[in-house]
Amino acid sequence: MTHSSQEPGKPVGKSAAVDPRQLDLFEFARSGRQAAGVVRISQLPRMLNEVPAEVPADERDTAFTWQAEGSTQPELQDDGTEGPQPYLRLAIHGAAWLECQRCLAPYEQAFNVDAIYRIVGTEAEAEEFPLDEDEVDVIVGSRQFDLIELIEEELLLSLPVVPKHDVCPQVHESLVSGVSGEDAGEHEDADEHSSAEAEKPNPFAALQGLKSKGPDGSGGSGGQH
Ligand SMILES: [Zn+2]
């Protein structure tokens, strides 16, 4: 039975007929099955909560691709015999709009998860597992396991503690004026901050204005007054 999927006559692969909302996780691991799919953030209500309201409707529903792979490893079981211990590997890649805590504008945060889980039968078993093995998480398996919920759980755990741009598109005025001295400020503000600079009067432009209104400037553009 476990070899039926390898028969050349069968048109379907190992990943056929997998409902990620109702996965027999023990069987999935035992027979080394693989599955993959796409889940949109609109299917993940707790992740959707993190998306700022001002993100347009046609952009907010970002997608995550996922791949799951079951396996077993021979391990010592509770009864003292060596048996196949089920494992699940889960990879998730995608992006979500979050609110930058520095400039408060929405930005697209990338998510790249690659996790390995030891699958146990009961909550009690999960609590027995030593916590210092941080490479491997423990999940309680089920014959109707909701893989999408696990994906959402993993994405929530991957949320940045302080969501923010790598480099904010507009630096707040208080940060710009934090640069000491006017000379230093002029050098720093060449490119990125030009839009912010344009909103307030530029002291150097004012100086130039004074110069052009001087005795020599009256011949050039002095027709307005
Ligand atoms: Zn920002």
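Figure 1. Glu 99 belongs to strand β3, where helices (H or I, at least four residues) and strands (E, at least two) are DSSP runs numbered from the N terminus. The model is predicted: local features need pLDDT of at least 70, side-chain atom pairs count only at pLDDT 80 or more, and totals for chains, interfaces and linings use all residues. Residues are numbered from 1 along each chain as its sequence is written, and side-chain values use heavy atoms, with hydrogens and water left out. Glu 99 is partly exposed, with a relative accessible area of 31%; buried means under 20% relative accessible area, exposed over 50%, and partly exposed in between (1.4 Å probe, protein chains only). Leaving aside neighbours within four places in sequence, Glu 99 is in contact with residues including Pro 52, Glu 54, Leu 104 and Pro 163, contact meaning heavy atoms within 4.5 Å. Between Glu 99 and Val 55 the C-alpha to C-alpha distance is 9.6 Å, with 44 residues separating them in sequence.

**Figure 2. Leu 104 in the loop between β3 and β4**. Leu 104 is not a glycine, yet its phi is positive, at about 65 degrees. Most residues other than glycine have a negative phi. Leu 104 is exposed, and its relative accessible area is 51%.

**Figure 3. The zinc site.** Cys 100 (SG), Cys 103 (SG), His 165 (ND1) and Cys 168 (SG) coordinate the zinc ion at 2.0 to 2.3 Å. Donors are N, O and S atoms within 2.8 Å of the metal (3.2 Å for Na, K and Ca); water is not among the atoms, so sites may look incomplete. The angles subtended by the four donor atoms are 104 to 119 degrees, which makes the arrangement tetrahedral, a term used for four donors if all angles lie between 85 and 135 degrees. The ideal angle for four tetrahedral donors is 109.5 degrees. Along the sequence, the donor residues follow the spacing C-x2-C-x61-H-x2-C. His 165 and Cys 168 are both buried.

**Figure 4. The five-stranded sheet.** The sheet is open, with the strand order β1-β2-β3-β4-β5 and mixed pairing; two strands pair if DSSP finds at least two bridges between them. Strands β1 (34-40) and β5 (136-140) are at the edges and have a single partner strand each, so one side of each lacks a neighbour in the sheet. On average, neighbouring strands are turned by 35 degrees against each other, direction ignored. Strands β1 and β2 (residues 63-76) run antiparallel and are joined by seven bridges. Ala 36 has Gln 67 in β2 as its bridge partner.

Figure 5. Helix α5 (residues 147-157) lies across β1, β2, β3 (82-99), β4 (106-120) and β5, and runs at about 60 degrees to β3. Axes are lines fitted to C-alpha atoms, for helices over the stretch in contact, and angles run from 0 to 180 degrees between N-to-C directions. The largest nonpolar core has 38 residues, of which Met 47, Phe 64, Trp 66, Leu 88, Leu 147 and Ile 151 touch the most other members. Such a core is a set of buried Ala, Val, Leu, Ile, Met, Phe, Trp, Tyr and Cys residues joined through side-chain atoms within 4.5 Å. Beyond its neighbours within four places in sequence, Trp 66 is in contact with residues including Pro 20, Leu 90, Leu 147 and Ile 151.

Note on methods: Four donors count as tetrahedral if all angles lie between 85 and 135 degrees; four count as square planar and six as octahedral if opposite donors are over 155 degrees apart and all others between 65 and 115; anything else is irregular.
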